[in-house]
Amino acid sequence: MSKNLNGENDFDPDTISTLFNRNGYVLLENFLPISMIDELLIETKNLVEQYDPQQTLNNEENEEEVTVFNAGKKQSANEYFLSSSDKIRYFLEQDAWDEQNHCFRVSKINSLNKIGHALHWLNPVFKQFTFQKRFQMIARSIGLEDPLIVQSMVIFKNPYIGAEVPEHQDATFLYSTPEPRVVGIWIPLEDATETNGCLQFIPGSHRTHPLRKRWIRHHDPIDGRIQMKDQYGDWSNGGQEKTEHEINNDEEKNKLNKSNFVSVPAPKGSCILIDGLVVHRSDPNLSNKARPAYTFHIFDQGYLHDDVDDDDDDKQKILEHQSTTTTTKSKPKRQWDSLNWLQPTDQYSFPRLYCNDFDDDDDDV
Ligand SMILES: O=C(O)CCC(=O)C(=O)O
């Protein structure tokens with residue numbers, strides 16, 4: 001993000017939008033007061049203190065003994081994970097649990113991979129933070145019309161044990177029809193550096209790498225339980241399923257060279273916007289410094305507005321209307337896909353970013 005003549009960061013909406021469209025991500029430095037990030041750190045500590053690993057271990061719903069998060073595999077069949085969209089749940093690092101001796105290898109705080117997925121709604125500190133005007137402003141600047149917050153997480157990346165996050169596109173997990181429109185907002189709670197596993201991106205890959213893989217819910221034909229599986233196809237074109245041979249070929253082609261990735265160190269106080277189609281990853285944290293981050297994902301359902309022409313004033317009026325009302329008369333342009341792992345429930349709909357204002361911070365932004 002460029003600096004203005006006073007050396008301050010320039011959060012000009014046009015600049016944000018240009019960089020976001022060009023690269024598929026934008027780093028906004030000095031975007032948030034450090035005191036605000038410190039509040040999130042304190043609240044994260046409180047949440048970890050409340051975490052009783054025995055609850056996870058003895059959870060009757062949870063047929064596996066320990067809920068481990070390892071970016072896709074063991075946890076994928078896990079009810080504890082699949083029903084976490086409207087809860088605050090705790091997920092462990094794969095290496096934290098000693099399977100043989102049935103105990104933790106590291107301290108409780110260092111054993112966690114992440115907490116998710118409704119911090120933005122259920123935890124008052126994270127709620128106020130998430131719905132603040134700053135994020136509404138950047139969502140508007142990249143043209144989001146009616147964004148819903150679909151999930152939030154604290155990702156720990158603890159010293160020595162914090163796992164690699166393999167290359168992926170967020171739309172693989174968070175898809176909408178007829179096209180994906182999801183944006184991640186990623187906030188480091190401590191400096192994220194090349195040593196402790198900052199994010200890495202392939203700049204522009206949201207334009208050059210069509211979505212080839214989706215992670216979808218399906219019923220296991222043997223035991224009837226809901227499971228997750230990868231499905232391959234051209235998801236920019238209706239999603240044709242592929243043969244085994246094509247899948248293997250795709251896997252080969254998709255092994256992206258690490259040298260294509262650009263590291264994006266992000267100091268505390270900054271924030272990164274991530275397009276749902278940009279390819280990104282992060283290294284394991286082999287250092288002695290934690291790299292915690294808070295992240296939430298927004299899905300822009302948009303709205304159809306056939307009744308207005310493309311006049312800018314009309315568009316502005318609609319945006320103002322959308323931002324102040326709790327119901328919308330206009331129809332959404334996109335639907336949340338029913339095959340996504342993450343689903344709203346009977347009691348909980350994804351909240352709208354522009355219609356919920358829990359921010360009592362009077363700062364003008
Ligand atoms: O925090 C990380 O290391 C990875 C985060 C990420 O890939 C995501 O939120 O999509």
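**Helix packing, an open sheet and a ligand shell**

Helix α1 (residues 13-23) packs against helix α8 (residues 133-141) at an angle of about 60 degrees, and their axes are 8 Å apart. Helices (H or I, at least four residues) and strands (E, at least two) are DSSP runs, numbered from the N terminus. Axes are lines fitted to C-alpha atoms, for helices over the stretch in contact, and angles run from 0 to 180 degrees between N-to-C directions. The model is a predicted one, in which local features need pLDDT of at least 70 and side-chain atom pairs count only at pLDDT 80 or more, while totals for chains, interfaces and linings use all residues. Residues are numbered from 1 along each chain as its sequence is written.

The two helices, α1 and α8, are therefore oblique to each other; angles under 35 degrees count as roughly parallel, over 145 as roughly antiparallel, 65 to 115 as roughly perpendicular and the rest as oblique. In the contact, Pro13, Ile16 and Ser17 of α1 meet Ile138, Arg140 and Ser141 of α8 (C-beta atoms, placed from the backbone, within 7 Å). These residues divide into three nonpolar, two polar and one charged. Here Ala, Val, Leu, Ile, Met, Phe, Trp, Tyr, Cys and Pro count as nonpolar, Asp, Glu, Lys and Arg as charged, and the others, Gly among them, as polar.

Next comes a sheet. Four strands form it in the order β8-β16-β11-β14, as an open sheet with antiparallel pairing; two strands pair if DSSP finds at least two bridges between them. β8 (165-168) and β14 (262-264) are at the edges with a single partner strand each, so one side of each has no neighbour in the sheet. From one strand to the next, the twist averages 25 degrees. Strand β11 (residues 199-201) is joined to β14 by three bridges in the antiparallel sense, and Leu199 stands opposite Val264 in β14.

The ligand has around it Ile155, Lys157, Val165, Asp170, Gly184, Trp186, His280, Ser282, Ala293 and Thr295. Two or more residues of this shell come from each of β10 (182-188), β16 (280-282) and β17 (293-300). By class, the shell holds four nonpolar, four polar and two charged residues.

Some backbone details remain. The peptide bond between Gly116 and His117 is cis, with omega about 5 degrees, and His117 belongs to strand β6 (residues 112-117). Another cis peptide bond runs from Thr177 to Pro178, with omega near 5 degrees; Pro178 is in the loop between β9 (176-177) and β10. Asn30, a residue other than glycine, has a positive phi near 50 degrees and is placed in the loop between β1 (25-28) and α2 (34-50).

Key
A residue is near a molecule or strand if its C-beta atom, placed from the backbone, lies within 6 Å of it. Two residues are in contact if their C-beta atoms, placed from the backbone, lie within 7 Å.
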